Amino acid sequence: MLANDEVKDGLSERGGHPVQRKRMRQWIMRISAYAKRLLDDLNDLDWTDSIKEAQRNWIGQSQGAEVQFSVAETDHQLDVFTTRPDTIYGVSFMVLAPEHPLVSEITTFTQKNSIEQYQQAASLKSERERQGAGDQTVSGCDTGAFAVHPMTGKKLPIWIADYVLAGYGTGAIMAVPAGDERDWKFAKTFGLEIPAIFKGKNSDEAVFTDKTATLCNSEALNGLTGSKGIPAGISLLESAGVGSKQINYRLRDAVFSRQRYWGEPFPICYENEIPRLVKSAQVTLPEVDAYLPTEDGEPPLARARKEDWNVFEGDRMEFNTMPGWAGSSWYFLRYMDPHNEEIFCSREKSDYWGQVDLYIGGAEHTTGHLLYSRFWTKFLFDQGWIGFHEPFKQMINQGMILGRSSFVYRVQGTQQFVTFERRKEYQTQRLHVDINFVENDKLDMDAFKNWRAEYAEAEFIVGEDGTYSCGFEVEKMSKSKFNVQTPDDLVERYGADTLRCYEMFLGPLTQHKPWDTQGISGVHNFLRKSHRLFAQAEEGAPSDASLRILHKTIKKVTDDLNRHAFNTVISALMIGVNELLDSKGHQKGLLQPLAILLSPVAPHLAEELWRISDGAGSVMDAAWPESEEKWLTADRVTYPVSFNGKVRFQLELDARMNAKEVETAALGHEKTAAQIEGKTIRKVIVVPGRIINIVVG
RNA sequence: GCGGGUGUGGUGAAAUUGGUAGACACGCUGGAUUUAGGAUCCAGUGCCGCGAGGCGUGUGGGUUCGAGUCCCUCCACCCGCACCA
């Protein structure tokens, strides 16, 4: 039993066994019923635009009309969905998906063979092959049958083709070659008629998909463009009783069963192969002799004997299990009430805790987990189990951590490796080298030789200092690129606090960042310095200067934590610690609040520092310090004095001086005289506390 | 093709409301100290220039006393989705 991406060229990726397709009965969640709400409610979410937009695309709303065509000389009716009902008079043929149920009914005797061949060929292709991979070749087959144009009564040939998908809309289209790229190509390929319906456009020459074209040869719609033509077309179809306004969604229903052992079992049993809910008890996973499918391809649970199940009803239990997203869609609700034996979460608890305030996660779950959770939450809301209909109020996507690969340069056709600086002197091949043999871009040549038998005889063309420098590139972490860094080694070497701080220090939370461990020593040093500061802890009153440093740090750290700027939290703490060391701010009254500030970024160390500074209990229980305004304001300000926007010198002034006084002081300064020599002062701008700009000319 | 994002030193980055561009680190250079160190400390480090000075936030333009930040143009790269009628 394989997932799609475990199949390569019709063979299993592991083992290379032939793969057989087998139709299976599956449980499906009707998420499509929630498409409109999932789309509309996105507007109220405090999520990143990229995720919201990706979900909008995935849901894929499109507005248009459903139009009914009858099939000539039969009782069959053919429904199509179109976003361009205004181009109804440009229809010259119909196309059905090869799987469309009507195909076999309407195909004429003479076309039967070729149609079946085409269907066969299409069914052998996987969905992926049919949809993508740049394959845009036009193919199709004539059924020999005709549809009747609902407005003109004209006979329209019915074809089948790959490019019409069975799973979208009605699986059938009305083809308007003048106004649709694919229809136009199809008509050109098979020599079908291309009715001209746009004024001044030669549709034989080119397709015109823009909605700004004016319609012609379209009876009542003549002279209209898309914006007015579409609603006019819909009312035309409605009054003729052959169509109606329709909104379609791309979102498909979600398969909810897996043929694996590990997953929640369904509370379902079968009687005469008719499923029924098991209500007598909670079904748990039965023991099986092997976590493998049965001989005839049933899922592993089919191996369980009747007595292996904790509940057994009907003829047999359900053999499928639930997929991963069954649990991930609502686990946060269970967290609110984890020990409740009666229900997943009491209404009282979920009302108290409410939505998840902030969700930090990766963008890779955009169209899976993050959509399913929303769907699931809406369902539970509709059923009255919870009082909110969106799971996550605010969401931030953390960036991916990328690997930093190292490269060696092999001189072509030899076992000589040339150092990075001199690689251009030779014809070389760039090869990934295991980053474990590289430190500060310098290669450990012995380790490299021992890496693989083929490199045992390697020779090195080194740089002037006798070392071998590697090249580097930032790319996704991957085993094949030998750039995978496990945090375990770093934890072993520097401790978990250093790792945690370094991850934060790397850069903004939401940005992709290279995992380059070169800078880790800086963060490690900072923690050591912090410890050194506390090691000198003493009694006594801190100086005013130290208190200013402390309160400045409290303010910056608090503000930055609130805006999730963890990288600048670390640098603010670094500055604080450095300055306190310089100003001999070792007093316990100063150090205690500092230990609290450190606790979110270096929890283990902070606990230790809290104890050193005589803090009571755990630092985790200590109240967050508040910055005091009186320590944040200075009485002297250093103004940059600029001329025409260019800073020329600094001027220290009393902070209480008003704009006029500052201006007078600046103009009176000797360096100002030098700057304005021979020029006239046109304007002086003073922003109190910030800057002085003197405009001369 | 559609949508989203990112461009600032040798490197990771900072600049929160338009107000000293490069904070904080890494790396590098020089020095002190040490038996040693992946320890500590001091000084320097955007680019050009001996200097005065000039230039500088992907490109080109605009608004402004003042633009990394606002507006327009173009370019490059990354990530989604894509035969959706």
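## Lys588

A residue counts as buried when its relative accessible area is under 20%. In this predicted model, Lys588 has a relative accessible area of 15% and is therefore buried.

Lys588 belongs to helix 18, which covers residues 588-598. Leaving aside residues up to four places away in sequence, Lys588 is in contact with Ala537, Glu538 and Glu539, and also with Ile612, Ser613 and Asp614.

## Helix 15 and helix 19

Two packed helices are described by the distance between their axes and the angle between those axes. For helix 15 (residues 520-535) and helix 19 (residues 603-612), the axes come within 10 Å and cross at roughly 10 degrees. Angles under 35 degrees count as roughly parallel, so helix 15 and helix 19 are roughly parallel to each other.

On the helix 15 side, the contact is made by Leu527, Ser530, His531 and Phe534. Helix 19 contributes Leu605, Leu609 and Ile612. Sorted by class, this contact of helix 15 with helix 19 has five nonpolar residues, two polar residues and no charged ones. Ile612 of helix 19 is also among the residues that Lys588 touches.

## Gln259

Gln259 sits in the loop that runs between strand 11 (254-255) and strand 12 (268-271). Its relative accessibility is 13%, so Gln259 counts as buried.

The side chain of Gln259 is joined to that of Asn320 by a polar contact of 2.9 Å. Thr209 and Gln259 are 50 residues apart along the chain, and their C-alpha atoms are separated by 45 Å.

Note on methods
Residues are numbered from 1 along each chain as its sequence is written. Chains are lettered from A and ligands numbered from 1 in the order in which they are written. This is a predicted model: local features need pLDDT of at least 70, side-chain atom pairs count only at pLDDT 80 or more; totals for chains, interfaces and linings use all residues. Side-chain values use heavy atoms; hydrogens and water are left out. Helices (H or I, at least four residues) and strands (E, at least two) are DSSP runs, numbered from the N terminus. Buried means under 20% relative accessible area, exposed over 50%, partly exposed in between (1.4 Å probe, protein chains only). A polar contact is a pair of N or O atoms within 3.5 Å; within protein, one must be able to donate a hydrogen and the other to accept it, and residues adjacent in sequence count only if both atoms are side-chain atoms. Axes are lines fitted to C-alpha atoms, for helices over the stretch in contact, and angles run from 0 to 180 degrees between N-to-C directions. Angles under 35 degrees count as roughly parallel, over 145 as roughly antiparallel, 65 to 115 as roughly perpendicular and the rest as oblique. Contact means heavy atoms within 4.5 Å. Ala, Val, Leu, Ile, Met, Phe, Trp, Tyr, Cys and Pro count as nonpolar, Asp, Glu, Lys and Arg as charged, and the others, Gly among them, as polar.
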